[in-house]
Amino acid sequence: MTAFAMTIDGQPITPSETFDVINPATGGLAGKCPAGSAEDVNAAVAAAKAAFDEWSQQSDETRRQACRDMARVLGENAEELARLLTTEQGKPLGGLGSRFELGGCQAWAANTAELELPVEVVKDDNEGRIEIHRKPLGVVASITPWNWPLMIAIWHIAPAIRAGNTVVIKPSPYTPLSTLRMVEILNTVLPAGVLNAVTGPDSIGPVLTSHPDVAKVTFTGSTETGKKVMANAAGTLKRLTLELGGNDAGIVLPDTDPKQVAEGIFWGAFINSGQTCACMKRLYVHDSIYDEVCTALVDFASRIPMGDGMDENNVLGPVQNAMQFEKVRELVEDAKANGARVLLGGEAPQGDGYFYPITLLADVTDGMRIVDEEQFGPVLPIIRYTDVEDALTRANSSSMGLGGSVWSKNIDDAAALALRLESGSAWVNSHGGLHPNAPFGGVKQSGIGTEFGVDGLKEFTAIQTLHR
Ligand code: NAD
């Protein structure tokens, strides 16, 4: 079995202790992960701090080239990383699975290389000149979740390094192996200490987020943990980007053709078996087409093969871990007990792996846990409405505000309604699509700050205003 190592100051570090990483498709062992300690976190931060002195002084072109090189080696090693990702995360190799995720990693690294942060001139006249400079912050701590482990890691790493910072990444203990291997690969094109990786239990997270030599924390994960990160970072007033949970609503307007939108709605809700922050997690459908939309979704969904991601025929994989599987099962059981009608799935199967079937629930109402909480699994509750304003109010009643979508034949009407959603992103006739230059982030309790594009890059810098 492959041995995995943390990377600190460009060196492989293998503590004597390891923990098991489970393959969610089989329940078997995916690999053994180094169980790092607080000392390892401290060593990684020290290495990143030492490397910052030189890295922050490198020319813009050198840092740009580093991102291009990262994109290149990600491409050269994509298949190995995709297979490892499928083994520990469960998502299929094909479709919108591991190879797609590696493609995203390359695209984001390459795009970040081309972003510019030029000096801005506020004033330049015979009284003087005022310039705005963007300077790197120092050591960035990156903490990532288990749903899109590599893509999210690159969303953190590439802009941090492009802007002249150094990084310590701590992946989720559920999916640490692909990140460890990716960091090794990226270290072949980066100076020692610029990118370090530590793995271990959740308890090493606070060591990193409260470390006095960490200047910024970029965290993607649950809202609950995000609040702890914010509290821990407060002691030294660290900069924060928090990309947290979502409970995205989709609103289907009465003029929509159910057959035409079924595929888009399905993938908006079920990509990565629903384990995506900006998945559609509640669908509001107008009463006049409610039954037709339900039928069209069942027709489409029943043709989607789910199974072991290593089998190229499968397009959806298991829920990633036992705890999440239990949560999904519990929320569906609660909905059934409260009157939800199962259109598809809805029963946890026996057997190996955490396979929860594609589940469509009708006659669901606000107030049921499956609507009010983030299910983060392959389940879509379909809620009936009669008044568009009322649907909008219900969509906006969540404490979350990551994304939302409106579906209609009339793009302008849909866009006008989408702009009234309380969400960081809004889509018309699609849900969840991202672009490396389109700012992404949550409002309300879905997060703080923005990722991607120039706005995202700026979050890895501090302004220095020069009056001369
Ligand atoms: P999680 O909050 O349980 O864990 C995220 C990371 O935080 C892991 O690496 C974990 O080890 C670490 N961690 C745990 N306790 C910590 C602490 N006290 N201090 C510091 N770090 C700590 O989240 P998860 O279950 O891995 O991911 C699922 C959640 O992430 C969902 O709510 C989902 O919506 C959200 N998510 C959001 C986005 C986004 O961009 N908004 C993207 C992906 C996932």
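I began with Asp20, which counts as partly exposed at 44% relative accessibility. I note at the outset that the model is predicted.

*Entry 1: the partner of Asp20.* I looked up which residue meets Asp20 in a salt bridge, and found Lys32, with an N to O distance of 2.6 Å. I then located both residues: Asp20 belongs to strand 3 (residues 18–22) and Lys32 to strand 4 (residues 29–34), so this pair ties together parts 12 residues apart in sequence. Lys32 is also partly exposed, its relative accessible area being 38%.

*Entry 2: Glu374 and Lys281.* I recorded a salt bridge between Glu374 and Lys281, whose closest N and O atoms are 2.9 Å apart. Lys281 sits in strand 13 (residues 280–286) and Glu374 in the loop between helix 12 (369–372) and strand 16 (379–385), so the pair joins parts 93 residues apart in sequence. Lys281 is buried, with a relative accessible area of 2%, which is under the 20% limit for that term.

*Entry 3: the wider picture.* I reminded myself that side chains of opposite charge can pair when their charged atoms come close. How many salt bridges does the structure hold? I noted 36. I also found a network of salt bridges that links Asp60, Glu61, Arg64, Arg68, Glu114, Glu116 and Arg162.

*Entry 4: the domains.* I read that the chain is divided into domain 1 (6–244 + 446–467) and domain 2 (248–428). The domain centres, taken over C-alpha atoms, are separated by 31 Å. I found 26 residues of domain 1 in contact with 28 residues of domain 2. Between them the domains bury about 2200 Å², of which 59% is on carbon and sulfur atoms.

*Entry 5: what joins the domains.* I noted 1 salt bridge between domain 1 and domain 2, together with 11 residue pairs in polar contact. On the side of domain 1 that touches domain 2, helix 3 (residues 78–89) gives the most, with 5 residues.

Notes. Residues numbered from 1 in each chain as written. Predicted model: local features only at pLDDT ≥ 70, side-chain atom pairs only at ≥ 80, totals over all residues. Heavy atoms only, no water. Domains from an automatic or database assignment. Contact = heavy atoms within 4.5 Å. Buried area = accessible area lost by both parts, 1.4 Å probe. Salt bridge = Lys/Arg side-chain N within 4 Å of Asp/Glu carboxyl O. Polar contact = N/O pair within 3.5 Å; in protein donor to acceptor, adjacent residues only side chain to side chain. Helix = DSSP H or I, 4+ residues; strand = E, 2+ residues; numbered from the N terminus. Buried < 20%, exposed > 50% of the residue type's maximum accessible area, 1.4 Å probe, protein only.
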